Amino acid sequence: MASRPAIGPRAVGLIVAALLWLPASRGESFEAVSSRVSNGYTRSRLPDGSLQPETYVLREGGFLSGEIKDETIDNMTFRDVEQAIEGPLANRRYLKAADPRSANLVIAVYWGTSRAPAERAPGSLAAQKTERLAPARWLAQHPGDGFRDRGPWAFQAKGNAFSQEMIGDEDATLMGYDSASDPELRTYRYFVVLLAYDLQEFKKSKKEKLLWQARFSIGQHHNQFDKQLPQMALVASRYFGQDSGGLRHNAVPDGSVEIGAVKSLGAVDLPNFAVLDPDGTHVAYVRSVDSSPMLVIVDVDRPERMATAKMPSPGSLPNNVAWTEGGLVQVSMSSSESLGYDVDGRRRKIGGPGGGSASTTKPSANLAAPEIANVQKATSKKFPHRRVAVLGSDSQSHRFLLSVSGGAGSTRLFVLDQPNDLLFEVGLSGSSP
Amino acid sequence: MKHSVAWMTAVAFVAVSQPALRAADQDTEHVTVLPPFLVEEHEVKDWMNHPIWSYAQSGDLEILSACADDETQLFVQGLREQQAELSQFIPDEFLLHTTVPTTIILLPKSLKQTIDEELSRELEKLPAAASAGGRFQPMDDLRLTDPDSSYLFVILDDAAWKMTKRGSEFIFSPTYLRFLIESRAPTLPEWFSTGFTRFYTSLLYPWDRNGFEPDPWLSRDAASMLHHDATAPRPFLPMMELLIQRAPAGKSEEYQRVWEAQAELFVRWALSGRLTDGKERLWRFAAAAASQPVTEKLFQSCFGMDFDDARDALSDYLPRAVWEPLKGPMAPRADPPPIDLRGATPEEVRRIKGEWGRRVLRVVNQYNPVALPLYVEQASRLLQGSYDAGDRDPRLLASLALFRIDTNDKEGARALLEASPAAAESRPLAELELASMRLSDAVHGPAEKHGMISEAQASGVMDCVTASLRQQPPIEGAYVIAAGVSKHLARDPTAEELARLNEGARLFPQNTKLLIEAAAWDLRTGAVSEARRLIETGLWNATDSAERKKLEELESVGPLGTGW
């Protein structure tokens with residue numbers, strides 16, 4: 001793989017582990033994203049298949065703070081938000097217009113903190129602090145464009161409605177959720193909403209024509225909005241200007257990670273963290289949950305027997321996972337400690353009675369090249385737009401563990417049951433925005 | 001109905017175990033038991049309950065009922081309400097519609113002592129009337145279908161029905177709904193009929209709960225695990241393996257189970273409101289997939305995402321689908337007006353029973369041919385007997401003509417149909433049988449040189465074809481006959497005739513012969529793009545190597561080699 005760093009697997013494993021499980025004050029794993037298109041909006045493509053660029057001008061929609069002081073968001077200005085989302089917009093070939101009057105789109109940006117159900121007491125209304133756009137400021141910033149007559153006030157009205165709605169039962173809808181009873185909404189969430197309107201249509205007919213909208217949010221707990229926003233926007237940008245097909249959950253890399261680095265490392269080092277047992281019935285892998293490493297053991301044929309185990313070693317990170325001959329999962333930690341688990345996720349002593357010692361799995365490196373090529377050929381037809389890596393197989397070479405990346409969000413793990421030509425999606429691991 | 005009248009019930013079972021034939025018992029009640037397709041003639045004693053038939057024709061339904069009037073009304077009301085419900089979440093054009101009314105023979109379970117033991121045992125085996133969950137799922141008990149119309153035999157558990165007013169718990173049986181979907185032309189892909197039917201059966205009840213139960217997925221345990229942890233493992237097919245025309249063949253049972261469950265999930269996802277205009281996208285895609293190759297490009301044009309993104313979206317939706325009930329939309333509750341029930345005339349009873357008896361012949365011939373003469377005799381007694389008694393209802397004449405054709409008396413059938421145009425008009429199938437006979441005559445006695453038929457001969461055939469196509473549903477045979485006429489005329493088809501052939505090829509793309517005929521005429525007349533479309537569709541569908549070769553030959557001739 002071209003992006004493979006010139007260092008040994010163990011060292012790379014450590015780096016990945018470090019990136020995934022850095023300080024516990026950061027890094028919720030999953031962001032909720034929902035996007036929709038409307039009024040027949042579609043992206044045109046250039047002859048080479050790439051997206052036809054569209055220009056935009058950003059417009060401040062409004063900021064809604066929570067009741068609790070949070071400097072990571074309270075101190076953010078529209079300019080800060082603008083800077084954080086420009087790159088992700090450009091990823092989808094939305095380019096900032098040199099001349100705001102000729103832009104294709106005007107994108108209204110709202111951001112803030114949702115409120116948990118406990119906050120929805122009537123008395124809390126007055127506590128809401130909403131920063132609203134000053135029309136004069138808009139006019140000053142965008143002299144002479146078609147919104148002079150009514151634009152700011154039109155959007156201001158939206159901003160007011162928006163802030164009012166945020167304290168009602170519409171929070172869920174505004175953040176792309178179907179229902180306010182969704183368990184994720186029981187806690188505070190940072191959110192951003194982008195509403196993209198057809199600017200030229202507005203100039204022509206004075207009618208607002210909403211073309212697309214994107215709503216993304218992440219739990220406030222353990223996250224800092226100013227640090228997470230660029231990654232949040234980057235992960236969500238995959239859906240800008242298209243329909244997400246409902247609410248999607250995507251892993252967000254930790255705030256301190258360079259996005260580019262995660263892109264390449266995520267694909268390289270998954271093998272060390274996901275393994276298929278020699279019988280082909282179980283997969284063990286490590287994922288990050290609430291910024292802590294979690295061992296997941298999946299029974300491919302009996303999903304109800306999925307087991308998880310938290311890694312109990314603060315300051316020490318997993319850097320390898322393997323199956324022992326005795327059918328235990330052995331997790332090697334950066335502290336040189338080895339942890340053993342049975343398939344139900346219970347701690348077991350490695351080398352103890354029935355514990356076995358060495359891994360008998362066939363890592364991908366030991367699979368014959370033609371075998372790998374055959375599996376990759378078969379699976380690339382199943383995932384025409386994804387990168388598929390064969391991570392290993394069972395001892396009979398009937399089942400193969402695959403990592404599939406290249407889509408939005410997390411890399412997905414699959415087991416291909418070749419005799420039945422059946423794929424099992426067995427988990428999410430790593431991040432590849 | 002008179003007391004002590006001899007009455008007949010004919011019941012066809014799709015899967016019946018007993019091949020034995022016990023004909024003409026000598027006991028006093030003259031019971032004739034003919035499994036597996038039971039026809040019973042039963043002399044009912046005066047003191048016994050006996051069926052008193054009532055009759056109604058209302059819209060697309062014809063009812064012959066031995067149930068009490070209020071039960072019959074409740075049944076029809078439930079049926080109508082369910083039709084209205086269905087129309088809320090599936091386009092009308094996706095369901096079979098017939099101009100000829102669907103005939104329902106409604107029999108109360110309480111009268112089962114009037115039918116023989118063999119039949120009673122078979123009825124007990126029927127799962128429909130008291131299915132799991134207590135919903136009443138009729139319309140699939142016993143169904144005999146011709147290309148232009150259906151006859152259904154429904155057993156009503158009248159005791160329970162009356163007590164619980166189960167009209168409000170009426171739900172079409174899954175196989176009946178599947179039949180309605182799969183009989184539509186062009187045939188919708190099987191992932192759709194499977195997925196939609198499964199989704200439909202999750203309809204919540206009573207209806208004012210307004211929605212659908214959560215997705216049952218593969219099992220309760222699997223669903224529960226997904227609810228608990230959204231990353232729980234699941235077997236999941238790529239979209240290109242899901243969106244195939246026919247259910248997967250040659251795959252494991254597990255694979256097929258996944259395919260069916262995922263088909264339901266796909267339909268549910270599209271209808272869930274999570275996708276902008278998801279419903280319209282689904283309809284557009286399903287309709288397109290019925291008549292053209294399913295490609296990722298087609299999918300993307302409908303859903304705005306590629307196969308991989310759709311697979312991911314679907315997989316991500318699954319954990320929510322297994323716990324979240326889906327909201328309507330449901331039809332506004334409206335009480336359909338009662339139907340106009342009245343006592344059935346002896347002619348109506350004989351006509352309907354006779355037509356049922358005629359339809360049964362096909363099944364008897366397939367499963368128990370040795371019993372066929374008895375069934376033929378009974379149907380003849382009803383249909384010919386009614387005719388001999390002076391009944392000239394066009395529907396009776398059409399049934400009698402079709403019966404004669406089924407029993408190889410084509411001349412007798414033709415005499416009836418030629419003498420009574422109204423008879424042919426009442427049944428598109430009869431109209432097409434007449435067309436077929438006329439075409440056969442024309443081909444064997446061509447009026448033009450070189451074995452070609454004349455315009456007069458052609459129009460004699462095409463008048464019938466056109467008349468049949470004025471009614472619903474379009475029948476494949478009509479287009480086959482039209483293609484036969486074009487083949488034997490000494491000229492190219494007119495634009496109108498060619499349009500009809502192309503229409504037939506579009507509606508029945510599985511009929512590769514028809515498709516080849518139409519494409520060949522298209523090429524000859526310079527309609528290259530239409531020809532290309534048909535050939536592409538044909539190559540997509542064709543399984544027969546000779547037909548495939550013909551299509552490839554067509555593909556390589558004329559302007560096709562360069563112009564497309």
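1. pLDDT is the predictor's confidence in each residue, on a scale from 0 to 100. The structure is a predicted model, in which local features need pLDDT of at least 70 and side-chain atom pairs count only at pLDDT 80 or more, while totals for chains, interfaces and linings use all residues. Residues are numbered from 1 along each chain as its sequence is written, and chains are lettered from A and ligands numbered from 1 in the order in which they are written.

2. Confidence in chain B. The mean pLDDT of chain B is 83, with 80% of its residues at 70 or more. Two stretches of chain B should be read with this in mind. Over residues 1-48 of chain B, pLDDT stays under 50; the model has 92 contacts beyond four places in sequence for this stretch, two residues being in contact if their C-beta atoms, placed from the backbone, lie within 7 Å. Residues 126-133 of chain B also stay under 50 in pLDDT, and here the model has 13 contacts beyond four places in sequence.

3. Fold of chain B. Chain B holds 24 helices and 11 strands; these are DSSP runs numbered from the N terminus, helices being H or I of at least four residues and strands E of at least two. Of the 564 residues in chain B, 47% are buried (20 or more other C-beta atoms within 10 Å of the residue's own, C-beta atoms being placed from the backbone). Among contacts in chain B between residues at least 6 apart in sequence, 67% join residues at least 24 apart.

4. Interface. For the complex the predictor gives an ipTM of 0.80 and a pTM of 0.70. The contact between the chains takes 30 residues from chain A and 32 residues from chain B. On the side of chain A that touches chain B, strand 1 (30-37), strand 8 (248-251) and strand 21 (422-429) of chain A each give two or more residues. Strand 21 of chain A supplies the largest share, 7 residues. That side of chain A divides into 12 nonpolar, 10 polar and 8 charged residues (nonpolar: Ala, Val, Leu, Ile, Met, Phe, Trp, Tyr, Cys and Pro; charged: Asp, Glu, Lys and Arg; polar: the others, Gly among them).

5. A sheet in chain A. Strands 9-10-11-12 of chain A, in that order, form an open sheet of 4 strands with antiparallel pairing, where two strands pair if DSSP finds at least two bridges between them. Strand 9 (274-276) and strand 12 (307-310) of chain A stand at the edges with a single partner strand each, so one side of each has no neighbour in the sheet. Strand 9 of chain A pairs with strand 10 (residues 282-289) of chain A in the antiparallel sense over 3 bridges. Val275(A) has Ala284(A), in strand 10 of chain A, as its bridge partner.

Technical notes
Buried ≥ 20, exposed ≤ 12 C-beta atoms within 10 Å, placed from the backbone.
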